[in-house]
Amino acid sequence: MAKNIGIHVFSEIGSLKRVLVKRPGRELSYLTPSNYKEWLFSNLIDWKIAAKEHDEFCKILKSNGVEVVYLEDLLDETWKATNDEVHNLFIKKFIKEANVKHIGYNEKIYRYLKSLSSRQVFDAMICGITTKDLKINNLNDVLVTIPMPNLYFTRDTFSSVGNSIVVSSMKHFVRKRETIFAWFIFTYHPIYKNTEKLLERDAKNTIEGGDVFPINSETLMIGCSERTQLRSIKNLAQKIVNSVNTHFKKIYVVNVPHLPNLMHLDTWLTNVDYTKFIYSPNIHNSLKLWYVDLTQPKIKFIKKKMSLLEYLNHMVGKKCQLIPVADDYSQVKIDIETNFDATNFLVIRPGVVVGYDRNEYTVNALRKAGVKVFAFGGSQLSLGMGSCRCMSMPLERQDIKTK
């Protein structure tokens, strides 16, 4: 059972205590040349190699004193803490959202899932259910429910914001069902069920976790991207103002240009130390910045005409340092490293990060700037269009000093 602490994340850089991950599994084996782009991948993945790479990632975290919590374990704990009525509700909710094309299969899916152990239920939901599983006579082993291959990017389905969460409303249809697991955990898990939800998964406007950055106990930075709408940020701001538990005072909003592989803020800008940010120079010509003062009676997005560095100085309250991916080595190297999420490092503690070794020029740039880097092979994981920040959702970080 997870520790009885709940959510506590007031920065991007405080020492990481607990983090949620999902080990890639056989759900990735259903990627094909005809569906991988629709399922938001850059290529087919060897899932067994990806799983070993993910194990190396988790090994680095554990060796640095981080408690690694696996999604399947939280789901199993939630299942065992609930009764058959809740199980039935959850299974029926999954079937309804699975968009099964053959409506006659729904009862078969229900009976099949009811016959499984809790671990097997979640494995089937994540990996996809086939005609063979349902014992339906068919020449081929056809998928009846679509797998969730992006689920190893645990950053996206919800965001830890202080002692609260934002359950994501996902942009792409292929990922919308993933948040059903966050709903289940934060509705029924003995430790997490009382966590305040600032936004729910069925919100009309989309928002995803890769765009949400707690900077300190008073400040959030949020990306306005293809997957997080400005209206969603306004809704979140209003929820924070109305909350009795969440007391952020400022939101800094940064646009995410519609460029290849820039789907979230953390794909071009990430806080790696108190005053250090890794970024991709590819955004300079299309930068838009806003500021929201949550202490004022009305939510207003105030446009800021300043450089990115000036903006970060204002946000942090200190002089900051921008570390360019590929160390500004060349435009070719910047493009390649940006494509493989060179800004998407996960901070273990201030000035200590973990990421892919394929981003060698960015790793060198970080080390030159005094940042300690744990680098590991991610040749297969990276084909899912994300790196270590994407593959992790902090559940607890140590508070940082802001003065």
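Is asparagine 235 buried, exposed or partly exposed? Keep in mind as you look that this is a predicted model. Asparagine 235 has a relative accessible area of 27%, and buried would need a value under 20% while exposed would need one over 50%, so asparagine 235 counts as partly exposed. You'll find asparagine 235 in helix H8, which covers residues 230-242. Leaving out residues up to four places away in sequence, asparagine 235 touches Leu199 and Asn205. Now hop along to methionine 263: it sits 28 residues from asparagine 235 in sequence, and the two C-alpha atoms are 21 Å apart in space.

In soluble globular proteins, nonpolar side chains tend to be buried together. Here, the largest nonpolar core has 44 residues, and the ones with the most contacts inside it are Phe90, Phe94, Ile109, Leu113, Met125 and Phe181. The largest share comes from H7, with seven residues. Apart from this core lies another one, of 32 residues, with Ile60, Val174, Phe376 and Cys388 among them.

Setting aside neighbours within four places in sequence, methionine 125 is in contact with Phe90, Ile91, Phe94, Leu113, Met148 and Phe181.

Now for some helix packing. Two packed helices are described by the angle between their axes and the distance between the axes. Start with H2 (residues 71-80) and H5 (residues 118-127): their axes come within 9 Å and cross at roughly 130°. That angle makes H2 oblique to H5, and the crossing is right-handed. On the H2 side, Glu72, Asp73, Leu75, Asp76, Trp79 and Lys80 make the contact, while H5 brings Ser118, Arg119, Val121 and Phe122. Sorted by class, that's four nonpolar, one polar and five charged residues.

H2 also packs against H7, at an angle of about 50° and with the axes 10 Å apart. So H2 is oblique to H7 as well, but this crossing is left-handed. Here H2 uses Leu71, Leu74, Leu75, Thr78 and Trp79, and H7 answers with Phe181, Phe184, Ile185 and Tyr188. What classes of residue make up the contact of H2 with H7? There are eight nonpolar, one polar and no charged residues.

Conventions:
Residues are numbered from 1 along each chain as its sequence is written. This is a predicted model: local features need pLDDT of at least 70, side-chain atom pairs count only at pLDDT 80 or more; totals for chains, interfaces and linings use all residues. Side-chain values use heavy atoms; hydrogens and water are left out. Axes are lines fitted to C-alpha atoms, for helices over the stretch in contact, and angles run from 0 to 180 degrees between N-to-C directions. Helices (H or I, at least four residues) and strands (E, at least two) are DSSP runs, numbered from the N terminus. Angles under 35 degrees count as roughly parallel, over 145 as roughly antiparallel, 65 to 115 as roughly perpendicular and the rest as oblique. A crossing is left-handed if the near helix is turned anticlockwise from the far one by less than a right angle, and right-handed if clockwise. Contact means heavy atoms within 4.5 Å. Ala, Val, Leu, Ile, Met, Phe, Trp, Tyr, Cys and Pro count as nonpolar, Asp, Glu, Lys and Arg as charged, and the others, Gly among them, as polar. A nonpolar core is a set of buried Ala, Val, Leu, Ile, Met, Phe, Trp, Tyr and Cys residues joined through side-chain atoms within 4.5 Å. Buried means under 20% relative accessible area, exposed over 50%, partly exposed in between (1.4 Å probe, protein chains only).
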